[in-house]
Every structure is written in structure tokens, then in C-alpha cells.
Amino acid sequence: MNIFDILGPVMVGPSSSHTAGAVRIGYITRTLLGSRPVKASIGLHGSFAATGKGHGTDRAIVAGLLGMKPDDMRIPDSFSAAREEGLEFTIQNTQIVGAHPNTALLNVTGEDGKTLEVQASSLGGGRIMVNKLDGIMVNCTGESPTLIIYNQDQPGYVAAVTSMLAEASINIATLQLYRGKKGGHAVMVIEIDQRVPEDAVRWLETQEGIQRVTYIDGEGA
Amino acid sequence: MAYQSLEEINEFCREQKLPFWRAVLLDDMNERTVTEEESLSAMRGMWDAMLRASDNYDEKLSSGSGLVGGMGGKMEEYRKKGDTLCGDFVSRVIVQALQMGESNACMKRIVAAPTAGACGVIPAVLVPLYREGHINADKIIEALYVTAGIGQVIASRAFIAGAAGGCQAEIGTASSMAAGALVYLKGGDNEAIVHAAAMALKNLLGLVCDPVAGLVEVPCVKRNVIGAVNALSSADMALAGITSRIPPDQVIDAMREVGESMHVSLRETGEGGVANTPKAKEISERLGK
């Protein structure tokens, strides 16, 4: 925790976990989707479901999906902003076994037709954790620059990606690997100390067997 | 993170002959790899946001639940009559604490310090002092580093979330941070700063987190008042030369122990304390629909 986690964030109230964290969940979902969301189904679990309405959790997540950050004064009016910007959304309570008490499950569709399912939790103080992407465990916070790479579960991808990073003098802080099933889809979540140049991200995208690359530049929201 | 105790900060200050705030600034530059100017500029941003939040209070607003709103306006009216028990300055502090807490509940923009629920405590003591005109903004920025240093040690040795340690972890921590800042602004030395922080925290040990209907409204808004006023009295005691008999870091450890042994119904679940009263249940049921 740095001193601006103690004094800060500047945010729209009333709750750092139920409001500011919820905005960040919406925002990071938009970043991960990679385009403007036009449809969203928002499921609220646990304490998000129980006290979310009174904390504006519903409006906060929609605000984040619209690209607002936790200090945006338009958060309380995000529902009407969504109508203006053509984002259709539904909000319902849901139960996710074993999930953190402040968890949301978002199914979003972007304007380019891509879809994504994001399960994320608000950990307190406005900090969040993305638990799953399309059902595959990822556990990343988006606080530092992060590369999320979807690839075929085959030998050689980790080596290819890490040597590219080494060549670009980018230091890896953490590296996590997950897969749905053997030989199926796999996900690499790499938190790094430096920002990744855009052309390096593009290069990764063109590699055979890599299906999707998402880059979060670490500022979160 | 560098500092694990208040004693460590003060020891570093003694070695380097530094004021408390500067030790915190140097640590931030190191932790986030930023220049002095970048760190100061970020802190100025926090102060500007606090002042703007204070200016933007609207006594006509009420929270979505209707439980809070207008108290800051009422208190201000009363203060203006000039016959308060607490005197003018303390009454201004009370007004500011209520207003900030209400703004937060009404989804206005505030600075979490250390949390949104406790966002009123630090501005409640700093804004009225600043507006009296004897203290300039640069000095306030330095005082904010004092608050951050204290808060960071409490966060690392104990916790700052109501769900983890009850209200003592939120309002108690904010009060402790504010007390240290006040001592600094009044010219107290580094020892007095940490003793004020310790006394403020000690006085709020055991405070439970019992939000009615789980909302950051009742009793949270008014708890900001006790946090702010407790900071003033703790700072005055420290400036008078009174010290905490228990070393400040040990007080923080005690806060942790108390928080850990606190029943879960008293840690932000909205199940115990005032949240468990018949009236609170009635409110909760009305809002639950």
C-alpha cells in the first residue's frame, strides 16, 4: 500500500469497496473487452447483492463500463448516460460458489460483436481483483502493467512470450498460467514492471496459436 | 513498504535530523519511484480535492435511503448563533465532519482518508484551521504527509477496514492520523506527533462497525465527528507534554488484537450493535424491497 492508498483515492461516495471498487470492475471489464460495450448482464453476489443498491454499486459498475473512473461526478447518473450512449444492461442478484463477498459477474458484448465474461471482486479501499475471464482463473489486479494472453495449450508459448519481454528489457514481476483443459485454451497472466510498447503487443497478436492479447497499462481506473 | 513502525520513522528522523513529514515523503519517492515534485504535486491534488469536496456540500441533498442529509446545514445554523457548548472552532470542526460524511453518503466526490466512511475526520480538523488563515497550503500538505505516515503504519501493523477490525480501524485510524497532523501544525515535535496519534487511537479502541442496513450512513456520519473532536483533544494533550503510557506502536498492535477478537456481527456486516436494534431492522426491511 502506498501513501495514496491511505490518503485517497479521490472518489464518489459512499463506499470505497462498494462504489469505487465497483466502478473499477466496470472499467477494467471495458478495457479487457477492448471495445465499447453495447450490452451487459451484471450479476451481483454476496454483499454486493445485499447492500449494493444503497451503495450505488449498480450505478458504479455501469459507470465503469461507460469508461468513467471512480472520481467521475456523473456516476450517480450513469443509468441515463448508458441510455444516451447505447449501452443496454440488466442487473440481477446471483450466487457464485466460493466467491469473495463483494463479487460481480459481468457478461458483456462489445460494439465489434466480441463477448467476454468477467468475474471480479472488490477487495476494499477501492482495490479490485479480476478472478476469472471466460470462466478461466486469472487473478490479476490491473494495478501494474499486465499482459493477458490467450493461447493454445501447447509447448513453447511461455518461452516465446518471455523471450520477447526479455528482448524489450521488460522485467516480469509475476507470471501465472491457467488452462481450461489439457490441449485446450490456456491463459498467461504476466504482471510486469515496465510498460509494454504497442508494437510488441501487436507482434504477440500475430503469433500463430495466440488467440487474443489484452494489455492493461497499470493505471487501473 | 519501508516503515513498519512509528518508532522506525522517528528513529530515521533522529538520524537524519528530519521532520516526520519529510521521512514519509522520502519513502514515497522511493516506493513509487517518483521525484519530490511529483509526490508533492499528488499530495496537493488530495488537498485540493478535500477543499473542493468541502465547498460542494449541499444541505438540501439526502442519501438514497433518506437516512442522512441536512445535518451539516443544521449544525452550521446553530454554530452561527454563537452560543455552542464546544465554542466556535470546535463547532466548525463538527460542521465540517458532518458535511463531509453526508456528502459521501450522497454520492458526492470525497477523498477516502483512510476510507470513504471516515472521509470527514481529517478535513474536519484541517479545513477550519486553514480557513482561519494562519496556516498556508504548503504547511497543510506537509501535515498530510504526517497523516499518511501514521495511516500507513497502522495499515501495515493492523488494518484500516471496518470489515477487518471494526470502526476503530476506520474512524480510529483517521482520528489518529488527524491528531498527528494537528500536533505538527501547532509546532509539536516528532515524539509529540506519535503520542497524539497513539492517544487518539487508544481512546477509540473497541469501537464497533455497525452500519444500519449495511449503509455508510448511520452511525458512520456522526462517528466522523467523534473522530475529529477526539483528534483535537488528543493533539492538545500531546502539545501540553502528556504522553501515551503505552508506546504508540504497541497501541496499534492492541487495536489489531481488539479487532481480531471482535465478533463478526460487529465488523461491517450490519448484524450487530445499532444495526441490530428494532428500528434498524425496520429500516433495513423497508429498504430491502
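How much area is buried between chain B and chain A, and what share of it do carbon and sulfur atoms give? The model is a predicted one, in which local features need pLDDT of at least 70 and side-chain atom pairs count only at pLDDT 80 or more, while totals for chains, interfaces and linings use all residues. Residues are numbered from 1 along each chain as its sequence is written, chains are lettered from A and ligands numbered from 1 in the order in which they are written, and side-chain values use heavy atoms, with hydrogens and water left out.

To the opening question, then. About 2500 Å² is buried between chain B and chain A, and carbon and sulfur atoms give 70% of that area. Buried area is the accessible area, with a 1.4 Å probe, that two parts lose on being put together, summed over both. In this interface 37 residues of chain B are in contact with 26 residues of chain A, contact meaning heavy atoms within 4.5 Å. On the chain B side, B:M46, B:M107 and B:R109 supply 29% of the area buried against chain A, more than any other three residues.

Within chain A, there is a division into domain 1 (3-134) and domain 2 (146-216); such bounds come from an automatic or database domain assignment. The centres of these two domains of chain A, taken over C-alpha atoms, are separated by 26 Å. Their contact takes 8 residues from domain 1 of chain A and 6 residues from domain 2 of chain A. Between them the two domains of chain A bury about 540 Å², 62% of it on carbon and sulfur atoms. A:T31, A:L32 and A:L133 lose the most area in domain 1 of chain A, together 60% of what that side buries.

I turn to the helices of chain B. Helices (H or I, at least four residues) and strands (E, at least two) are DSSP runs, numbered from the N terminus. Axes are lines fitted to C-alpha atoms, for helices over the stretch in contact, and angles run from 0 to 180 degrees between N-to-C directions. Angles under 35 degrees count as roughly parallel, over 145 as roughly antiparallel, 65 to 115 as roughly perpendicular and the rest as oblique.

Helix α2 (residues 20-31) of chain B and α7(B) have axes that come within 8 Å and cross at roughly 70°. The two helices, α2(B) and α7(B), are therefore roughly perpendicular. Among the residues making this contact are B:W21 of α2(B) and B:Y145 of α7(B).

Helix α7 (residues 137-157) of chain B also meets helix α12 (residues 248-261) of chain B, with axes that come within 9 Å and cross at roughly 45°. This pair, α7(B) and α12(B), is therefore oblique. The contact involves B:V153, B:I154 and B:R157 of α7(B), with residues of α12(B) including B:I252 and B:R256.

For α10(B) and α11(B), the axes come within 8 Å and cross at roughly 140°, so α10(B) is oblique to α11(B).

Finally, the backbone. Which residues does the cis peptide bond with omega of about -5° join? They are B:A113 and B:P114, and B:P114 is placed in the loop between β1 (109-111) and α6 (121-131) of chain B. The bond from B:V218 to B:P219 is also cis, with omega near 5°. B:P219 lies in the loop between α10 (190-203) and α11 (220-239) of chain B. That loop of chain B also holds B:A213, a residue other than glycine with a positive phi, near 60°.
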